[in-house]
Amino acid sequence: MVMGILDIYGFEIFQKNSFEQFCINFCNEKLQQLFIQLTLKSEQEEYLREGITWENIEYFNNKIICDLIEEKYKGIISLMDEECLRPGEPTDMSFLEKLNVNLKNHPHYISHKKADIQTQKIMGRDEFRLVHYAGDVTYNVRGFLEKNNDLLFRDLREIMSHTTNSITKSVFDVKDLTSKKRPETAITQFKNSLNNLVEILMGKEPSYIRCIKPNDFKMASK
């Protein structure tokens, strides 16, 4: 019998949220979707098949948010990569404009123009808001494209591929150096790693420990 422990950073909502929080919260959305699939949805479907009487548990299926972020050609990740790769001089603001045009009708995407008057007062024109399963998060796009294009130089990857450390060597595969394909962006690498993790977890029988933060001060009597 083998038991593994997966410790994942929690959902993040800061006063200023950037590319890093976008990645972390995307990860949490995917793990929430896994929890829904393996626990809530599949268990109730099994009860139904076996004719077991139970009180139906209503839940919000966050697949719509996962698709908003990662759907091929249409999601935020695809639009970000498209903006990073296009000719000319793409900027964070041109990326934001692309999001606003393509996602303006999505119920979980809010642009400054789409927001109500009260939200517009606290939301910058260089920001967008996602309605996550755990709450609304406003992201500032400044630095998104630069961080997404933050790739290692080829000679550095080549040096690392010759390491004697087996773990490091597995990360810097020498086969990647001979490929003529453009290196994957940071967010695409993150998405692929996350999907591989989810695929592994789908074949397991997970148990969950959820930590609750009682207040923003992390103190008693607040």
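I took two strands as paired if DSSP finds at least two bridges between them. Strands (E, at least two residues) and helices (H or I, at least four) are DSSP runs, numbered from the N terminus.

I worked on a predicted model, in which local features need pLDDT of at least 70 and side-chain atom pairs count only at pLDDT 80 or more, while totals for chains, interfaces and linings use all residues. Residues are numbered from 1 along each chain as its sequence is written, and side-chain values use heavy atoms, with hydrogens and water left out.

Strands. I found strand β1 (residues 109–110) antiparallel to β2 over two bridges, with Ile-110 opposite Arg-129 of β2. On β3, I noted Thr-138 opposite Arg-129. β2 and strand β3 (residues 135–140) run antiparallel and are joined by six bridges; a hairpin of two residues connects β2 to β3. I then looked up burial, where buried means under 20% relative accessible area with a 1.4 Å probe, protein chains only. Strand β2 (residues 127–132) has five of its six residues buried, so the rest of the structure largely encloses it.

Helix α1. I compared its span with the expected one, 1.5 Å times one less than the number of residues. The 31 residues of α1 (residues 19–49) should span 45 Å, and the end C-alpha atoms are 43 Å apart, which agrees. I recorded a kink of about 35° centred on Ile-36 in α1, the bend being the angle between axes fitted to the seven residues ending there and the seven starting there. Gly-51, which follows α1, has a positive phi, near 70°.

Domains. I read the bounds from an automatic or database domain assignment: domain 1 covers 19–150 + 186–203 and domain 2 covers 152–184. Their C-alpha centres lie 30 Å apart.

Notes: Buried < 20%, exposed > 50% of the residue type's maximum accessible area, 1.4 Å probe, protein only.
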